[in-house]
Amino acid sequence: MSFHLSLLLTITFCTTLHISTESTQPPYACDSSNPLTKSYPFCKTSLSFTQRANDLVSRLTLDEKVSQLVNSAPGIPRLGIPAYEWWSEALHGITNAGKGVEFTGGIVGATSFPQVILTAASFDANLWYRIGQAIGTEARAVYNEGEATGMTFWAPNINIFRDPRWGRGQETPGEDPLVTGKYAVSFVRGIQGDSFGGGKLKDGDHLQASACCKHFTAYDLDRWHGVTRYAFDAIVTKQDLADTYQPPFQSCIQQAKASGIMCAYNRVNGVPNCADYNLLTNIARGQWNFNGYITSDCDAVSIIHDAQGYAKEPEDAVADVLKAGMDVNCGSYLQNHTKSAVMKKKLPVSQIDRALRNLFVVRMRLGLFNGNPKNLIYGNIGPNLVCTKEHLTLALEAARNGIVLLKNSAKLLPLSKTRTSSLAVIGPNANSANTLIGNYAGPPCRSITVLAAIQSYVKNTVYNKGCNAVKCTSASISEAVDIATKADHVILVMGLDQNEEREDFDRVDLVLPGLQQSLITSVAKAAKKPVILVLLCGGPVDVSFAKYNPKIGGILWAGYPGEAGGTALAEIIFGDHNPGGKLPLTWYPKDFVKVPMTDMRMRPQPSKSYPGRTYRFYTGKKVYPFGFGLSYSRYSYNIVSVTESQHYLNPLSVKQGLANSSSAQYMLVSELGTESCEKARFSATVEVQNHGEMAGKHPVLLFVKQAKHSEGMPMKQLVGFQSVALDGGQKAAVEFTLNPCKHLSVADENGQMLINAGSQHLVVGDAEYPISIILN
């Protein structure tokens with residue numbers, strides 16, 4: 001979510017927020033001391049979850065059934081079943097943004113990890129897993145302490161960061177489907193109590209907490225030039241669905257075994273996501289074997305009638321979503337209109353029963369129908385495991401390893417801790433703890449501002465806010481220039497905040513707000529030495545002016561780095577940590593705003609001056625590319641071996657090359673079969689060396705590209721990444737295992753995955769290695 005690490009962490013750990021001696025019992029069903037419930041089959045742990053849920057549902061009246069179809073499900077006292085709240089949030093830490101967690105008792109805060117976009121910049125799946133573990137532990141602690149009425153957390157957000165203006169892009173792992181899918185798998189396994197590699201949790205095992213992957217599917221516009229997510233109809237090609245929008249959700253379901261998914265507000269090709277039988281039932285449950293509950297986004301059912309006009313009557317909207325496979329409505333629409341839908345014969349009760357079985361099975365998997373949860377597997381998790389030293393250190397690690405060094409002219413950074421006699425810190429984000437934690441953030445354990453962290457290194461630090469606010473409608477340029485001229489070094493802490501990018505609010509430009517640029521350039525011109533620019537923002541900003549200004553010597557992007565972000569930035573600026581983060585998204589120039597945000601196409605169309613989107617397809621100029629990030633060390637790469645440079649595949653049939661394709665032949669992945677795909681696996685070994693003096697944590701990104709690019713195909717595609725820790729001068733061998741069916745395949749216009757015969761190249765940095773696909 002060094003530093004004089006001892007000083008800051010001592011402050012942090014001594015002021016940890018939690019814990020009074022008072023505790024309240026968590027809500028649960030099947031109390032063993034209650035003679036009324038002991039005989040119910042749904043309370044018998046010897047039966048399967050499905051058998052128990054079937055029994056419970058069979059005992060409910062129609063009114064009771066309807067009451068359970070909304071996020072705030074009331075209790076059923078005659079059966080000893082307490083109320084349950086489905087809506088809780090845990091995007092990058094437990095928060096009271098939903099209704100299920102209150103922080104009104106002994107626990108008054110939780111660890112606030114960096115916003116997801118920065119955590120993704122570490123390209124460290126193990127780190128993502130450990131963050132999920134910590135959040136899952138704190139979630140269970142809050143529940144056990146009686147401060148939560150639900151254990152279903154609506155995270156992670158695994159939509160693709162398709163457009164740089166999207167206000168919620170900060171919540172996602174970025175623009176790459178592989179990274180997003182791996183983040184989903186790591187985070188979900190961690191929060192639910194599975195092992196890092198998966199397989200620890202079986203179908204009959206209890207969940208530590210329930211994760212929910214959202215927003216299914218092709219959702220990445222909130223409110224832009226009068227177009228809202230509530231009415232937006234995303235026109236998406238089968239090709240883009242197959243290789244961009246859907247893969248993260250497939251990974252979340254098939255590999256992570258998420259127990260929840262959320263259907264999105266928008267329509268896709270005319271059909272509301274929450275009313276799409278093909279999406280929810282055929283694909284999620286049928287093709288991907290989803291075993292969990294499906295919730296709507298909040299009020300996403302009502303808009304099917306009210307905003308989209310897809311349903312003629314409210315009862316039609318209710319019938320559409322339940323028949324499609326949705327289970328619970330965030331909101332009250334199903335509570336208000338489901339019974340009348342049954343009475344009007346628009347909806348069979350069997351569809352309600354199906355939804356309720358899915359819902360109660362998840363509650364049972366959480367151990368909430370097995371008596372007092374404090375006596376069960378996760379019962380010993382208490383408030384002493386919230387805001388722990390371990391979790392706070394993890395938040396600091398995540399911030400350290402995500403921050404990206406974008407510019408470092410003449411090795412300006414790191415600053416000397418002994419020779420820096422005075423500092424000027426300027427900017428509206430320098431002294432704001434709230435900006436650090438981004439959105440969907442609860443009360444943190446302890447936040448230390450960037451200013452306070454820097455002051456612990458250099459006592460002679462003078463601060464000026466520079467702008468009236470982040471929006472910077474007025475700037476105190478003369479005062480800022482005055483302190484800059486007197487300081488040994490100047491650090492400007494600028495960027496965005498939640499007033500500039502957030503849920504239900506997309507940006508309309510890609511530049512710094514208001515007078516920020518004028519302030520930066522004026523201060524840089526006046527300063528004795530080149531200045532350092534720190535950017536706090538989720539989405540990218542066109543800072544070309546700073547990139548090419550010799551008076552701006554260093555640029556750091558820190559996303560929204562969480563409660564430990566100020567500490568991490570100070571450590572990097574003063575050389576107690578070697579930055580290694582890499583951008584998980586493309587930084588576009590400011591004229592990209594000419595591209596309509598409503599255009600969902602990933603692939604370029606040069607004839608219409610459409611440049612495409614993300615590093616895989618975008619053909620225009622970039623401020624900074626995906627995967628960019630500097631370090632205080634120089635790293636080199638060498639692909640030293642590939643187990644097979646020629647790959648012979650034997651499909652059922654070989655097709656002749658597609659139009660616009662450089663390949664004479666291709667095969668459909670579906671015709672090769674899973675077993676053949678597994679047999680075709682191969683490994684590539686990359687030697688990485690740290691040529692600097694400082695130790696560093698360094699992400700290694702492995703791409704594949706075709707020897708000759710074909711229209712509609714990615715220019716390059718990330719196929720693997722690992723984070724490796726290297727001491728100064730140290731070498732390490734990093735092995736990647738690749739599956740041709742997954743990593744060397746592309747989508748055709750019908751959404752089918754295929755493998756082209758011919759030459760491709762594995763690429764790491766400036767190292768390339770040729771491989772060939774031969775079909776026979």
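Which residue of E25 does Thr685 stand opposite? I looked that up first: Thr685 faces Glu735 in E25.

**Ground rules.** I'm working on a predicted model, where local features need pLDDT of at least 70, side-chain atom pairs count only at pLDDT 80 or more, and totals for chains, interfaces and linings use all residues. Residues are numbered from 1 along each chain as its sequence is written, and side-chain values use heavy atoms, with hydrogens and water left out. Helix and strand names follow DSSP runs numbered from the N terminus (helices are H or I of at least four residues, strands are E of at least two).

**Entry: the sheet around E22.** Strand E22 (residues 682-690) runs antiparallel to E25, and 8 bridges join them. For pairing I use the rule that DSSP must find at least two bridges between two strands. The open sheet here has 3 strands in the order E18-E22-E25, with antiparallel pairing. Strand E18 (635-642) and strand E25 (731-738) are the edges; each has a single partner strand, so one side of each lacks a neighbour in the sheet. Neighbouring strands are turned by 25° against each other on average, direction ignored. My angles are between N-to-C directions and run from 0 to 180 degrees, with axes as lines fitted to C-alpha atoms, for helices over the stretch in contact.

**Entry: E23 and its partners.** Next I checked strand E23 (residues 696-706). 9 of its 11 residues are buried, so E23 is largely enclosed by the rest of the structure. Buried means under 20% relative accessible area, exposed means over 50%, and partly exposed is in between (1.4 Å probe, protein chains only). E23 pairs with strand E24 (residues 717-726) over 9 bridges, in the antiparallel sense. I noted Phe703 opposite Leu718 in E24, and Val704 opposite Gln717 in E24. E24 is largely enclosed too, because 7 of its 10 residues are buried. E23 also runs antiparallel to strand E28 (residues 758-764), with 4 bridges; there Lys705 stands opposite His761.

**Entry: the six-stranded sheet.** This open sheet has 6 strands in the order E12-E17-E16-E15-E13-E14, and its pairing is mixed. Strand E12 (404-408) and strand E14 (461-464) are the edge strands, each pairing on one side only. The twist averages 15° from one strand to the next. Val404 has Trp557 in E17 as its bridge partner.

What lies across this sheet? I found helix H18 (residues 516-526) lying across strand E13 (423-426), strand E15 (489-495), strand E16 (531-536) and E17, at about 170° to E15.

**Entry: H17 on H18.** The axes of helix H17 (residues 477-486) and H18 come within 9 Å and cross at roughly 30°. The crossing is right-handed, meaning the near helix is turned clockwise from the far one by less than a right angle. Ile477, Ala480, Val481, Ala484 and Thr485 of H17 make the contact with Ser518, Leu519, Ser522, Val523 and Ala526 of H18; contact means heavy atoms within 4.5 Å. I get 7 nonpolar, 3 polar and no charged residues for it. The classes: Ala, Val, Leu, Ile, Met, Phe, Trp, Tyr, Cys and Pro are nonpolar, Asp, Glu, Lys and Arg are charged, and the others, Gly among them, are polar.

**Entry: H5 on H6.** Helix H5 (residues 125-144) packs on H6 at an angle of about 35°, with their axes 6 Å apart. This crossing is right-handed. Residues of H5 in the contact include Trp128, Tyr129 and Ile135, and those of H6 include Tyr183, Phe187 and Arg189. The contact divides into 8 nonpolar, 5 polar and 2 charged residues.

**Entry: H7.** How many of the 8 residues of helix H7 (residues 238-245) are buried? I find 6, so H7 is largely enclosed by the rest of the structure. The buried ones are Gln239, Asp240, Leu241, Asp243, Thr244 and Tyr245. Their cover includes helix H6 (177-192), helix H8 (247-254), helix H21 (614-617) and strand E26 (746-747).

**Entry: Gly204.** Last stop: Gly204 sits in the loop between H6 and strand E4 (210-216). Gly204 counts as exposed because its relative accessibility is 53%. From its C-alpha atom to that of Ser416, 212 residues apart along the chain, I get 56 Å.
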